[in-house]
Amino acid sequence: MWASLKPALMRESEDRALLTLFLISSIAIPLFYAAGLMYGQRSHLVTAEYWRWWVVHLWVEGFFEVFATVVIAFLFTRLRLIEIRTATKAALFSTTIFLSGGIIGTFHHLYFAGTTPAVISLGAIFSAFEVVPLTLVGYEAWESLRLSQPTKRAPWIANYKWPIYFFVAVAFWNMVGAGLFGFLINPPVALYYMQGLNTTPVHGHTALFGVYGMLGLGLTLFCLRALNPGRTWKQGALRISFWFLNFGLIFMVIFSMLPVGLLQAWASIERGTWYARSAEFMQSDVMSTLRWMRVPGDILFATGAAVFAWFVLGLVTGHSYRDQKDIDLDPPLPDSLKERKPALAGR
């Protein structure tokens, strides 16, 4: 990353601060993931769990979130949808909340370590604060999608329609999966009754694939689009893939994992966690039916993934391109950007 960014960082430009933040987050990702390796074969389970939660909060909810925010903001500046100064301010604000929420938010996982209620409450509150920048990112993504319609400002942005759609999905699942379903299991009373039940995989599925899976697919499409900008993609496969992936994830959560988790939570409140996780309860007819209800969502999701792979393969074989070639992706700049044309060309 340093080798790639060094030429841009050595040059005085208005996007230097954003690129610096991008580089820092890129370096911090492997450094803070290493926290999860700070236990050995004979370490106590409490020690192993402590470092594992450092990975969850300081890696995923801290630096990886910063990386995602900076990447999306930077790409939007390259698409001329937002100004670099605005993107930098939003990224710095998001970074502050992400890191404070990640560090202090770690406390809500110390429930069974005998931590005081005040510390646990701080952890739950600051973990919930992470929803704020995610909402802002979602708003920016929605505005960018609105601007993707052919307009004077960006008539060529339609060529990046599906990468932007995936970035919008990142913002949506950030707020729903990481925010809503994350806070569902964070407060102390929820931790007491719901720790280790299927409400946790609900948060895990929607936050992990919903955020980072969609981000990875969006970045992949963005790079593939830039590799051959003179040819037009066929939209059908990407449309099917996008909606199947998202609706598959929604269906498996709403029809299966969430009901299973809520029924387990009710059983835990009524009789205890031991019963909510027992074979007697989990193998009942209702729970078995709910587990099978996940199949339609899994099928949709798997189909979406297969169609995405088929589309990418088609970029190699040629079946994902239309016959029309050499489309002008760089029409005359609007008046508000004409004065920046030399600088844009230099980048």
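A polar contact is a pair of N or O atoms within 3.5 Å, where, within protein, one atom must be able to donate a hydrogen and the other to accept it, and where residues adjacent in sequence count only if both atoms are side-chain atoms. The model on your screen is predicted, so local features need pLDDT of at least 70 and side-chain atom pairs count only at pLDDT 80 or more, while totals for chains, interfaces and linings use all residues. Residues are numbered from 1 along each chain as its sequence is written, and side-chain values use heavy atoms, with hydrogens and water left out.

Of its 347 residues, 45% are buried, where buried means under 20% relative accessible area, exposed over 50%, and partly exposed in between (1.4 Å probe, protein chains only).

Next, select Ser 241, which lies in helix H10 (residues 236-270) and counts as buried because its relative accessibility is 0%. Show its side chain, and you will find that it reaches the backbone oxygen of Gly 304 at 2.9 Å. Apart from residues up to four places away in sequence, Ser 241 touches Gly 304, Val 307 and Phe 308, a contact being heavy atoms within 4.5 Å.

Stay in helix H10 and select Met 252, which counts as buried because its relative accessibility is 4%. If its neighbours within four places in sequence are left aside, Met 252 is in contact with His 205, Met 257, Arg 294, Gly 297, Asp 298 and Phe 301.

Finally, move to helix H1 (residues 2-9) and select its buried residues, which are Leu 5, Ala 8 and Leu 9. They lie on the same side of H1 because they cover an arc of only 95° around the axis, the arc being that of the directions from the helix axis to the C-beta atoms. The buried residues of H1 pack against helix H2 (16-33), whereas the face turned away from that buried side carries the exposed residues Ala 3 and Pro 7.

Technical notes
Helices (H or I, at least four residues) and strands (E, at least two) are DSSP runs, numbered from the N terminus.
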